[in-house]
Amino acid sequence: MAPPKPARASWLVRAAVVAAVLVLVLAGAAAILLPRFLEPERLRALVEREGSAAVGRPVTVEAVSFGLLSGIVLDGFAVGARPGPGAAPLLAAERAAARFRLLPLLWLEIVIDRVEVKAPRIAISRDAKGAWSFADLTAPRPGAVPATPEHRGGGLPVRVAVRLIRVTDGTVTLRDETSRPALVTGVERVSLDLQGFSLEGAPARLKLAFEARRGAQSIPVTIAGGFGIHLARAHLDLRELAVTLPGIVAVTDGSIDEFRSSPRLALREKVAVDLGRVLAWAGALAPAAAGAVTDVGGSVAVDATVGGTPADL
């Protein structure tokens with residue numbers, strides 16, 4: 001006579017089947033009910049109302065769509081300018097989309113597969129009195145109680161992980177009226193790929209490229225490499241993070257502890273400079289000084305260790 005099968009194995013099989021059926025039922029119910037509760041016009045009004053209340057400025061969206069597979073998509077998204085004539089919106093984008101997973105929410109984990117932002121435009125300005133255009137966003141709200149150190153906390157109540165953040169064709173402009181004439185500068189053609197980002201120290205890969213512009217001249221800049229940030233521990237790891245400009249390559253490796261209060265550095269910096277190329281683009285930015293230095297060439301390489309606190313440097 002064959003021995004009876006263990007009851008524990010049978011219980012695990014039944015539990016697995018019940019869990020699978022439950023997930024399918026929840027997914028089916030969500031697919032049927034969510035579109036009814038999240039109608040595009042109702043969702044657009046919700047985003048505008050809650051967004052405006054959160055930032056204290058008008059938030060507008062031309063269209064909003066939501067789907068279990070496609071995620072949420074905002075078309076024609078904008079955060080209004082501060083009060084005043086002729087001011088550009090602080091932030092605008094042709095499209096912003098986020099695709100996320102529903103099941104991890106059950107154990108308080110937000111897993112976002114992709115965040116894509118197309119043609120974001122950020123406009124920052126400072127008036128002649130020195131007031132920044134975003135000053136009202138950082139100022140304490142009336143009636144708000146400032147957080148004390150013991151209640152401020154270091155982390156988030158949920159885990160957040162993003163598999164891919166992608167930005168294409170971005171622009172940031174800065175206008176400073178405290179200079180005479182007014183200084184107008186910024187960056188254009190911003191592209192960003194950020195893979196594996198989280199706030200719990202997981203290694204992420206970054207590739208950022210843009211053109212820094214001043215007047216009619218521009219300088220291409222790329223930043224690429226690995227990093228990890230642990231928000232609760234205020235710890236940042238840098239893994240061969242390279243900043244490249246014409247004639248300059250700077251690579252940083254190491255870590256920064258307590259970056260929110262008293263940063264402690266443990267970094268290794270490797271910098272290579274092609275003097276001829278640097279002077280060429282520096283002369284293009286400042287033609288009046290271009291003839292002051294001539295017949296300079298060669299290269300310089302630096303390999304240094306940086307440790308301690310900023311006050312020690």
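I looked up Ala234 and found it in the loop between β10 (217–230) and β11 (235–245). The model is predicted, so I take the backbone angles as computed values. Phi of Ala234 is near 55 degrees, which is a positive value in a residue other than glycine. Is Ala234 buried or exposed? I note it as buried, because its relative accessibility is 1% and the cut-off for buried is under 20%.

I then turned to Asp169, where phi is also positive, near 55 degrees, again in a residue other than glycine. Asp169 sits in strand β7. I list Asp169 as partly exposed, because its relative accessible area is 42%.

Next I checked the peptide bonds. Arg180 and Pro181 are joined by a cis bond with omega at about -5 degrees. I place Pro181 in the loop between β7 (159–176) and β8 (183–198).

Last I went through the nonpolar cores. Which residues touch the most other members of the largest core? I find Leu192, Leu194, Leu206, Leu208 and Phe227, out of 25 residues in that core. At least two residues each come from β4 (91–100), β5 (109–118), β7, β8, β9 (204–214), β10, β11 and β13 (264–274). β10 gives the largest share, five residues.

Key:
Residues numbered from 1 in each chain as written. Predicted model: local features only at pLDDT ≥ 70, side-chain atom pairs only at ≥ 80, totals over all residues. Heavy atoms only, no water. Helix = DSSP H or I, 4+ residues; strand = E, 2+ residues; numbered from the N terminus. Buried < 20%, exposed > 50% of the residue type's maximum accessible area, 1.4 Å probe, protein only. Core = buried A, V, L, I, M, F, W, Y, C linked by side-chain atoms within 4.5 Å.
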